Amino acid sequence: MTTAGAWWEYVALFAAVAASWAGVPVIGATALGLAGVAASQGKLNLAVVVVVSTAAGEVGGLVGYAIGNRWGRELLERPGRHQAARQRIMQRGERAYARWGRVAVFFTPSIVSGTAKMQHGQFVLWNLVASLAFSVSVAASSYGIGRIFTGHHSPDDIATLLVGLTVGALVTVFFVRHRRRSGATPRPSAPRRSAG
C-alpha cells in the first residue's frame with residue numbers, strides 16, 4: 001500500500017529517469033534504486049515504479065534521440081574545452097553501432113543513437129526494451145535488497161530480488177556474447193540507417 005502523497009514521488013522518479021535517458025548521467029539509476037527501496041518499505045508500489053520508469057526511459061530516450069538527430073553534429077563539433085571528449089564519445093558510439101547494430105541502444109546514450117541516424121522505428125522499439133530491462137533490473141533488485149535488509153525473507157521477496165539480478169545478468173551476458181561474435185566477424189561498415 002502506498003501513502004496518499006506518493007504521487008509526487010512517481011512524478012520525481014519519471015523526471016529523473018527521463019532526464020537520465022535524455023543525456024543527464026547517473027541520476028536515473030539513483031532515483032530508481034531509491035524508489036525500489038521505498039517500495040520495499042510499503043511507501044511506493046513496485047509495479048507502478050517499473051511502469052513509470054519504463055515510460056520515462058522511453059520518453060527521455062526519444063528526447064535524446066531527437067536532440068542528437070537534429071543537433072548532434074553541431075553539438076559535437078562546437079568549439080570549447082570539452083570538444084575533444086565529445087568527439088571521442090561519438091566515435092565510440094559510432095563504432096558500437098557499426099559493431100553491435102541495434103543492441104548498442106542498451107549501452108550508448110540516446111543522443112548518440114540520433115546523431116548516428118539509427119532508424120527511428122528501430123530506436124523506439126529497442127529503447128523501450130532497454131528501458132524495461134533497466135527498470136525491472138534496478139527496481140526489483142533494490143526492492144529485494146531493501147526487503148531482506150529489513151528482515152523480510154519470504155519467498156516472494158527473494159524471488160523479486162532474483163528476478164532483478166537475473167534480468168541484469170541476462171542483459172550483460174547478451175551484450176558480452178554479441179560483442180564477442182561481432183569481434184570475431186567485424187562488419188566492414190555501419191548498417192544502413194535512415195534519417196528517421
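**Starting at tryptophan 21**

Tryptophan 21 has a relative accessibility of 16%, so it counts as buried; the classes are buried under 20% relative accessible area, exposed over 50%, and partly exposed in between, with a 1.4 Å probe and protein chains only. Before I go on, a note on the source: this is a predicted model, where local features need pLDDT of at least 70 and side-chain atom pairs count only at pLDDT 80 or more, while totals for chains, interfaces and linings use all residues. Residues are numbered from 1 along each chain as its sequence is written, and side-chain values use heavy atoms, with hydrogens and water left out.

Now the overall layout. The protein has 7 helices and 0 strands; these are DSSP runs, helices being H or I with at least four residues and strands E with at least two, numbered from the N terminus. Of its 196 residues, 39% count as buried.

Back to the aromatic rings. Searching the whole structure gives 2 aromatic pairs. For the cut-offs, rings of Phe, Tyr and Trp (its six-membered ring) pair if their centres lie within 6.5 Å, and planes under 30 degrees apart are stacked, over 60 edge-to-face, and the rest tilted.

Which residues have the most contacts inside the largest nonpolar core? They are Leu13, Leu44 and Val49, in a core of 27 residues. α1, α2, α3 (46-77) and α6 each supply at least two residues of this core. A nonpolar core here is a set of buried Ala, Val, Leu, Ile, Met, Phe, Trp, Tyr and Cys residues joined through side-chain atoms within 4.5 Å.

Next, helix α2. This helix covers residues 27-40, 14 residues in total, and reaches 20 Å from first C-alpha to last, close to the 20 Å expected at 1.5 Å a residue; that expected span is 1.5 Å times one less than the number of residues. Its buried residues include Gly28, Ala31, Leu32 and Ala35. After α2 comes glycine 42, with a positive phi near 80°.

Finally, α1 again. Alanine 12 lies in this helix, residues 7-22, and is partly exposed at 37% relative accessibility. Its C-alpha is 9.9 Å from that of alanine 35, 23 residues apart along the chain. Tryptophan 7 is also found in α1 and is exposed, with a relative accessible area of 59%.
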